[in-house]
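Work through the exercises below with the structure open. Try each task before reading its solution.

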Amino acid sequence: MSTQAVLETPATGEAPPIPVRSAEFEDPVLEARSLVKRYGDLEAVAGLDLSIQPGEVYCLLGPNGAGKTTTIHLFLGFIEPDAGRVRVSGFDVARNALDARRRLAYVPEQVMLYRNLSGLENLQYFAALGGRETLSSERLTDILVDVGLPLPAVGRRVAEYSKGMRQKVGIAIAVAKDAEALLLDEPTSGLDPKASREFSELIETLRGRGVAVLMATHDLFRAKESGTRIGIMRHGRLVTELSTDEIGHADLERIYLDHMQE
Amino acid sequence: MTLRTVLRNEWRLLRADRALALVLVVFALLFAYALANGLAWVDFQEETLAAAREGNAERVETLEAELQRIADGGQPSSPFRDPRSPSVLGGASGAQTAVLDPGPLTALAVGQSDLLPYYYDVSIQTNESSFLQNGEIENPLNLLVGRFDLAFVVVYLLPLLILALSFNVLSGEREQGTLALTLSQPVSARGVVTAKLAFRAILVMGLALGVSLLGVLFSGGFGSPGRVALWCAAVAAYALFWFTLAAWVNGLGRSSAWNATVLVGAWLLLVVVLPAGVNITAGLLHPLPSRVEMITAQREASNEAVNQRSELLARYLEDHPELAGGVAAEEANRAALAWAATDAVNRRLEEVTSVHGERLAAQQALVRRYRFLSPALLTQEALLDAAGTGDARFARFQSQVREFAERWRTFFVPAILAGEQMTADVLPALPSFRFVDEQMREVRARAAIPLAALGGLLVLVGAGAVARLRRVTGP
């Protein structure tokens with residue numbers, strides 16, 4: 001079964017599928033307003049405004065320390081903003097963190113799993129925590145295989161996995177959750193080119209289902225390939241926003257470097 | 001749902017982690033050994049008491065046969081042990097052993113039952129010094145350290161097992177990186193920690209309570225369901241205290257190494273240092289009089305009494321005019337003189353032992369006052385009370401033995417003073433001892449105090465843990 005097939009298979013007799021939202025849905029799934037996060041004197045996020053609609057893939061570009069990961073952590077409710085507001089599908093994260101997380105899936109830069117459990121057991125656990133406890137082992141195995149994990153590895157202990165294999169399990173956890181929004185923090189870090197390509201296809205499929213995606217990345221190529229919009233961050237601020245339809249790869253690299261030199 | 005999911009995952013992790021399984025197996029063996037030790041002690045105690053009861057019956061039978069033989073015209077086997085003499089019949093030859101049966105759950109908590117006498121030979125010679133001596137020969141080191149019983153394992157070692165399983169319940173997730181994925185799900189850190197600790201609590205309390213109930217089953221203690229319930233409540237409350245403390249420390253957001261250091265420090269303070277400190281303070285503030293001093297006083301009183309027998313008898317009869325009828329001090333028989341001397345010694349001993357008793361009571365009062373500092377002290381008190389091996393049951397036994405000794409004296413002393421001769425007919429009328437055990441409501445009332453205090457500590461630490469864990473929102 002292909003990734004597309006896995007994602008589009010109705011979950012008959014299992015957890016009720018989350019309704020597919022159309023790209024014309026007016027309210028943003030992910031929304032930040034005048035968002036500020038300080039660590040002492042350092043302003044990690046400085047008045048960020050962001051709005052991501054269903055079916056949109058928003059790529060946050062920027063150097064290390066630009067505030068990309070902090071922004072994702074604010075959406076997850078891992079940290080509290082000093083000012084401003086973060087919303088997920090209309091839920092204020094500060095007030096309804098669990099409701100917000102129910103609608104979010106997250107793939108960190110380093111997917112760390114229970115080393116003594118297999119990839120499948122890890123997926124079963126995190127899927128169940130995410131509310132998908134009724135998904136069968138067969139279905140979860142299909143998801144793992146479709147995100148690129150070799151079938152023989154599904155039942156092996158994660159301690160034997162490479163970083164890329166762990167990353168694939170992380171992506172499988174996000175896919176299994178069937179969330180309205182997907183937060184990705186350097187998701188292709190550690191993936192080989194083939195897996196990166198498969199990942200882009202996966203993002204495209206999710207986008208087609210109306211999932212809103214926020215991806216922090218250093219990978220300009222992947223951002224241009226997968227994103228519908230690109231925001232460049234520096235010193236906690238969004239210095240520019242671009243539509244990927246309007247620019248080519250070379251333009252993106254030039255614009256990015258121009259902003260980094262300012 | 002979170003609870004079930006986490007429980008299942010924890011079970012998988014436990015099965016996959018041999019080190020954890022090994023720790024649990026080692027503790028299961030310790031529990032089993034402690035139970036076997038307790039059961040062996042109860043067997044020994046019951047054998048001793050059976051022998052004592054047999055001895056009682058044999059003495060009465062021997063005396064009856066001897067008295068019958070003399071009544072039939074025979075001679076006493078020894079002129080110094082003529083059973084017709086009330087001082088012989090009421091003395092060592094006819095002494096009755098008053099016994100305290102093991103508490104219903106002694107196999108679980110030997111307590112001080114190996115230190116405090118659980119039987120006394122009662123005769124007209126019984127005095128306060130009799131209550132300070134233990135007839136059993138035992139390795140003093142064993143008495144000092146106490147037996148390795150279930151109560152010891154629960155109070156001292158169970159917290160270590162709990163801490164070994166729980167010190168990194170949250171910090172470990174953070175350090176291995178799984179906390180980020182976990183908290184990106186619609187679950188709170190509080191919920192996850194509670195579920196993870198619930199899994200460990202099921203394992204640990206299942207082990208502790210399972211072995212306890214097995215011990216109850218083997219020793220027939222199910223006849224006292226109230227005591228069993230008290231025991232289980234004390235074990236559960238104590239275990240939950242340590243789990244809650246581990247949750248609190250994890251909620252502080254420090255490293256696993258830091259958590260382990262703090263928790264082991266807390267164990268050392270609450271289980272070892274504070275109880276020892278309270279006991280040492282009690283001993284320093286209210287030192288017991290020296291045993292040498294007491295023995296010297298006993299000897300001095302004894303010598304003095306022997307030298308002044310006639311005078312003492314006259315004084316005794318002045319103090320007890322109701323016994324003076326027909327007895328003239330000048331014509332007193334030898335037994336009456338001996339009794340007067342014994343009584344003088346007893347009075348002097350009462351003076352000395354009353355100081356001992358007062359100091360001991362002051363020590364116990366101080367320990368009772370400061371037991372609230374340590375959950376270990378509170379739990380030990382509740383466990384021993386539930387088992388029937390606490391101070392209160394022994395004090396009750398001693399008090400009833402004192403009362404029995406008084407009845408024994410009252411039976412024989414008038415006959416001694418009157419110089420009467422006893423026959424086999426008096427044997428059925430001899431005073432007998434039967435321990436009247438404490439009522440469950442008394443045990444409940446007593447155990448309610450340490451249990452309530454333990455519950456209070458649990459609520460306090462639990463509130464701290466909840467407050468800290470609420471603040472954990474991210475990895």
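**Exercise 1.** How many bridges join strand β1 of chain A to β2(A), and in which sense do the two run?

*Solution.* The model is predicted. Take strand β1, residues 30-39 of chain A: eight bridges join β1(A) to β2(A). The two strands run antiparallel. For one facing pair, look at Val36(A), which stands opposite Ala46(A) in β2(A).

**Exercise 2.** Give the strand order of the open sheet of four strands, then find its edges.

*Solution.* Step one: the order is β2-β1-β4-β5 in chain A, with antiparallel pairing. Step two: β2 (42-52) and β5 (91-92) of chain A each have a single partner strand, so one side of each is left without a neighbour in the sheet.

**Exercise 3.** Describe the open sheet of six strands in chain A.

*Solution.* Read the order as β6-β7-β8-β3-β9-β10; the pairing is mixed. At the edges stand β6 (104-107) and β10 (237-243) of chain A, each pairing on one side only. Neighbouring strands are turned by 15° against each other on average, direction ignored. Now check one pair. β7 (residues 181-185) and β8 (residues 212-217) of chain A pair in the parallel sense over five bridges. Leu184(A) stands opposite Met215(A) in β8(A).

**Exercise 4.** Which strands do helices α6 and α7 of chain A lie across?

*Solution.* Helix α6 (residues 163-177) of chain A lies across β6 and β7 of chain A, at about 175° to β6(A). Helix α7 (residues 193-208) of chain A lies across β3 (57-61), β7 and β8 of chain A, at about 150° to β8(A).

How values were computed. Residues are numbered from 1 along each chain as its sequence is written. Chains are lettered from A and ligands numbered from 1 in the order in which they are written. This is a predicted model: local features need pLDDT of at least 70, side-chain atom pairs count only at pLDDT 80 or more; totals for chains, interfaces and linings use all residues. Two strands pair if DSSP finds at least two bridges between them. Axes are lines fitted to C-alpha atoms, for helices over the stretch in contact, and angles run from 0 to 180 degrees between N-to-C directions. Two residues are in contact if their C-beta atoms, placed from the backbone, lie within 7 Å.
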